[in-house]
Amino acid sequence: MVVEVRLPQLGDSVTKAVVTSWLKAEGDRVEKDEPLLEVTTDKVTVEVPADVSGVLKEIVAKAGDHVRMDDVLCRIEQA
């Protein structure tokens, strides 16, 4: 089963962020709650964790992309 990882709500007034860097690459094994990437808002830099354990199948939002809350960041094939 493939699970989409989405940008979580980062605060009441925060609606968008920039993908700063990926800590994992496509094909990497990831564990639930392990940091996948960093995003930066106008106030803070935050690590976004994996929702499930599995293999990072597809990175949708590349470094430098502007993303909004609930946008798909990547897809993980659950193991």
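These questions and answers walk through a sheet and some salt bridges in a predicted model.

Student: How many bridges join β1 to strand β8?
Tutor: Strand β8 covers residues 72–78. β1 and β8 run antiparallel. The number of bridges joining them is 5.

Student: Which residue in β8 is the bridge partner of R6?
Tutor: Look along β8, the strand that 5 bridges join to β1. There, R6 is partnered by V72.

Student: What is the N to O distance in the salt bridge of R6 and E4?
Tutor: Side chains of opposite charge can pair when their charged atoms come close. A salt bridge here needs a side-chain nitrogen of Lys or Arg within 4 Å of a carboxyl oxygen of Asp or Glu. The side chains of R6 and E4 meet in such a bridge, with an N to O distance of 2.7 Å.

Student: Is R6 buried, partly exposed or exposed?
Tutor: Buried means under 20% relative accessible area, and exposed means over 50%. R6 has 34% relative accessibility, so R6 counts as partly exposed.

Student: How many residues apart are R75 and E4?
Tutor: R75 forms a salt bridge with E4, and their closest N and O atoms are 3.2 Å apart. R75 is in strand β8, while E4 is in strand β1. The pair thus links distant parts of the chain, 71 residues apart.

Student: What relative accessible area does R75 have?
Tutor: E4, the salt-bridge partner of R75, is partly exposed at 31%. R75 is partly exposed too. The relative accessible area of R75 is 24%.

Student: Where is K24, the salt-bridge partner of E34?
Tutor: The side chains of E34 and K24 meet at 2.8 Å, N to O. E34 is in the loop between β3 and β4, 10 residues from K24. K24 is in the loop between β2 and β3.

Student: Which residues are linked with E4 in a network of salt bridges?
Tutor: The structure holds 6 salt bridges. E4 forms one with R6 and one with R75. The network links E4 with R6, E58 and R75.

Methods. Residues are numbered from 1 along each chain as its sequence is written. This is a predicted model: local features need pLDDT of at least 70, side-chain atom pairs count only at pLDDT 80 or more; totals for chains, interfaces and linings use all residues. Side-chain values use heavy atoms; hydrogens and water are left out. Two strands pair if DSSP finds at least two bridges between them. Helices (H or I, at least four residues) and strands (E, at least two) are DSSP runs, numbered from the N terminus. Buried means under 20% relative accessible area, exposed over 50%, partly exposed in between (1.4 Å probe, protein chains only).
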